[in-house]
Every structure is written in C-alpha cells, then in structure tokens.
Amino acid sequence: MTTARTATPSTARAINDRLALDLLLESGPLTATELRGLTGLSRPTVADLLERLQRAGLVAVVGESGEQRRGPNARLYALVADRAFLAGVDVRTTGVDLVVADLTGRTRAAATVAGADERLAERTLDALARAAREAGADRLHTVAVGAPGLFDPATGEHRNSGALSRHQTELLTALRADPRTEVTVDNEVNLAGIAEHRLGAARDRDTFVLIWLSHGVGASVVLDGRLRRGAAGGTGEIGYLPVYGSGLPSGDGGCDSGGFHTLVSSAADRGLARAHAVPVPEPAGPRTSAPLGEDVVRHAAAAGGPAADAFLDEYARRIALGAASVCAVLDPGCVVLGGEIGRAGGDRLASRVEREIARLVPLRTEVRAGTAGGGAVLGGAVLTAGDAVRRDLFGGA
C-alpha cells in the first residue's frame with residue numbers, strides 16, 4: 001500500500017519560487033498583484049517569496065507599474081539577468097561560432113573563430129574569454145557545445161572519433177578543463193532540433209523529426225516533447241540508412257560508401273544538378289569547397305523553370321526515401337527540413353517531400369521548412385545551457 005505524502009513547507013516554498021521565477025522569465029517584469037493572479041497564491045505567500053528571491057539575488061525591483069496607486073504592489077519585479085552567464089558553442093569543420101548570454105537567454109556577446117587548425121582550442125578559448133568579458137561575466141556558469149558525432153547520453157563522451165578532427169577533439173577537452181564551468185556536449189543536430197521545437201517550425205508539435213540536410217545528413221527525434229538520444233546517443237543517424245539506389249553504408253568505414261547520405265548530402269546535390277542541367281552558381285563568399293549544396297538548391301527553388309523543377313522533384317524523391325522509413329517506424333506526424341539545404345529549399349522543397357512521403361507510406365505526415373535559421377545549432381546550445389543554469393539556480397527538474 002502506498003501512502004500519499006504531504007508536501008513539507010520547504011518543498012512548497014521551492015515549488016512556489018520556481019513557479020514565480022519561470023513566470024518572470026517568460027513574461028518579463030511583473031507586479032506582485034500580477035504574480036498573485038498568475039499563480040493563484042495568496043498575498044502573504046507572494047510577498048514572502050519575493051523577499052526570499054531578492055535575498056538570493058535572483059529577483060530585483062526594476063521600476064513601478066503604470067497604476068495610479070503607488071505602493072508595494074505597484075513595484076515591478078524582474079529576474080536579475082546578470083546573476084549568471086552561459087555560453088553556446090557550435091563546432092563545425094569550417095570553424096566555431098559562440099555566444100555568451102545572461103540568465104534570461106539574451107545574447108550579450110558573440111564571436112566567430114574561422115578555420116580548424118592546430119591552434120583551434122587556444123583561439124576558441126581566447127574568443128570565449130573575450131566574449132565573457134564583453135558581456136560583463138566574471139565566469140561562465142554553463143557552456144553547451146554542439147558538434148558532429150555520437151555522444152554518450154550518460155557521460156557526454158565522444159564515441160566515433162572519425163566525426164571530429166584531432167583539433168576539434170582537443171577543443172572539447174580544453175573547454176571541459178575549467179572546474180568552475182559546467183560543460184555539456186551534444187550532437188549538433190539534436191541541438192538544432194531543440195531550437196526548432198522551442199523557437200522554430202515545430203513550436204506547436206510535441207512529436208516531430210528534424211531531418212538535417214547539409215554537408216552531412218542526420219536527424220533529431222522529439223517524441224512526446226522529449227528529445228530522444230538512444231542507448232549509444234545514435235538516434236537520428238539516418239545517414240546510414242540503407243535505401244534503394246544508394247549502395248550500402250559501412251559500420252566501420254562510415255556512410256560515404258552508401259546509404260541515405262550519398263543520396264541527399266551536399267555533394268549529391270551538385271551531381272544531381274549537373275544531371276538536370278541546372279546551373280551551379282558560384283558561392284557568395286570565399287569557401288574552402290565551393291559551390292555548396294545549399295547554393296544549388298536555393299538557386300533552383302528561386303529560379304523555377306523545367307530544369308529546376310525536375311531537379312527539385314528528383315531531390316524530393318530522394319529525401320522522401322529516407323524520411324518515409326523514419327515515418328513508417330516513428331509516425332511523427334511532422335517532418336522539418338533543416339540544415340543549410342533544408343532551409344534553402346524552403347516551402348517549394350518541403351511540399352514536394354510531403355507529396356512523395358504520402359506516396360510511400362499511409363501515415364499522414366506534414367513536412368515543413370525549418371525556420372530556426374542558420375544559427376539553429378547555436379540557438380539550441382543556448383537553450384540547453386540556459387535550462388541547466390536555471391535548474392541549478394531555480395531548483396526543480
């Protein structure tokens with residue numbers, strides 16, 4: 001027989017504090033009267049928690065409301081944004097992007113470290129330190145990093161060394177070396193999925209799959225509001241999917257020899273464009289390997305015409321081969337096309353993929369173009385770091 005437990009006064013206070021802090025985070029400055037209305041708590045309880053949160057340095061009076069009657073209830077309370085600072089880091093083959101944000105998630109400084117040479121770790125740590133100083137941070141509470149590859153969900157350790165260069169691995173080690181800062185590392189596509197779920201195309205969905213189309217191919221799986229990583233951190237490694245016409249991937253040698261990756265990656269886009277006589281535009285700026293698949297798809301989606309339409313039709317069929325396999329197993333109801341190529345194709349590509357999936361599986365699946373933008377990985381990293389900071393400072397799950 002299970003006996004129901006009554007919440008202790010300290011537990012009740014912690015729950016009320018977390019509720020008030022979350023409301024101040026989501027809704028901005030609020031008066032005590034507004035907090036009472038939103039929480040349903042009594043006047044003495046709200047007054048007590050506001051005093052407690054001010055003593056903890058989490059909340060401060062930032063002004064007064066527009067009410068005619070002045071008094072304690074007319075004061076505006078807000079989170080102390082400078083109470084803690086956090087950072088998001090996006091590690092890519094071409095370099096590193098990073099931002100430093102405050103407790104509310106507002107960006108306070110940003111930097112880009114170009115290239116991935118033997119000084120990558122040193123240059124990135126220097127850039128992160130400068131950004132922290134610019135933001136006014138004495139230290140960073142939490143840094144969340146997005147990078148290619150598999151990361152053990154329990155330990156955060158990197159599993160497949162081939163996805164990262166030696167210099168990128170050295171960078172991850174260097175970031176983790178500061179004992180004052182909590183560092184979390186996750187697959188880049190997982191972080192992009194978090195951004196699409198909370199800020200982008202899947203904000204109204206608790207279950208969806210983000211298919212990431214870029215130089216590489218991957219997926220982020222969110223089921224019932226939770227990001228799924230799998231036993232080894234490999235949920236979403238759809239580049240290895242054996243699909244018709246692609247050859248077979250190799251568990252040891254990677255998916256360059258076959259699998260879904262070879263059908264839809266950036267290199268595949270360029271070959272498909274040439275086969276359909278679609279002009280391959282020169283990149284807008286200097287790049288190490290040009291032109292990229294995103295340039296081809298963006299040009300085709302914007303140009304129209306028989307050749308461009310035929311290219312998009314064929315590319316959509318290729319994407320649908322892998323997407324249909326995912327839909328047949330998970331039935332997500334919604335697929336978001338992200339990454340540089342997914343965003344470049346926009347609605348013209350998404351609508352074609354939706355039509356092709358409907359021909360392959362009987363499960364109704366909406367396909368949307370990603371809207372989290374080019375900084376989806378970085379945005380997801382900031383969200384992840386912010387969640388960790390607030391769990392520590394606010395308490396609760």
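Three strands make up an open sheet, in the order β1-β3-β2 with antiparallel pairing. Strands here are DSSP E runs of at least two residues, helices are H or I runs of at least four, and both are numbered from the N terminus; two strands count as paired if DSSP finds at least two bridges between them. The model is a predicted one, so local features need pLDDT of at least 70 and side-chain atom pairs count only at pLDDT 80 or more, while totals for chains, interfaces and linings use all residues. Residues are numbered from 1 along each chain as its sequence is written, and side-chain values use heavy atoms, with hydrogens and water left out.

Lying across β2 and β3 is helix α3 (residues 43–55), which runs at about 115° to β2. For such angles, axes are lines fitted to C-alpha atoms, for helices over the stretch in contact, and the values run from 0 to 180 degrees between N-to-C directions.

Along with Val59, Leu50 has the most contacts inside the largest nonpolar core, a set of 45 residues. A core of this kind is made of buried Ala, Val, Leu, Ile, Met, Phe, Trp, Tyr and Cys residues joined through side-chain atoms within 4.5 Å; buried means under 20% relative accessible area, exposed means over 50%, and partly exposed is in between (1.4 Å probe, protein chains only). Helix α12 gives this core its largest share, 9 residues. Leaving aside residues up to four places away in sequence, Leu50 touches Ala32, Leu35, Val59 and Tyr77, where contact means heavy atoms within 4.5 Å. Another core, of 40 residues, lies apart from that one and includes Val278, Val326, Val335 and Leu337. In soluble globular proteins, nonpolar side chains tend to be buried together.

Helix α12 (residues 376–394) also meets helix α1 (residues 9–27): their axes come within 11 Å and cross at roughly 145°. On the α1 side the contact is made by Arg18, Leu21, Asp22 and Leu25, and on the α12 side by Arg390, Arg391 and Phe394. Sorted by class, that gives 3 nonpolar, no polar and 4 charged residues. In this scheme Ala, Val, Leu, Ile, Met, Phe, Trp, Tyr, Cys and Pro are nonpolar, Asp, Glu, Lys and Arg are charged, and the others, Gly among them, are polar.

Elsewhere, strand β7 (residues 142–147) is mostly covered, with 6 of its 6 residues buried. Thr142, Ala144 and Gly146 point one way from β7, and Val143, Val145 and Ala147 the other way. Strand β4 (residues 85–92) pairs with β7 in the parallel sense over 5 bridges, with Gly88 opposite Ala144. Strand β8 (residues 182–187) also runs parallel to β7, joined to it by 6 bridges; there, Val185 is the bridge partner of Val145.

Asp224 is not a glycine, yet has a positive phi of about 55°; Asp224 sits in the loop between β10 (217–223) and β11 (226–228) and is exposed, at 64% relative accessibility. Ala277, also not a glycine, has a positive phi of about 60°. The place of Ala277 is the loop between α8 (266–275) and α9 (293–303), and at 59% relative accessibility Ala277 is exposed.
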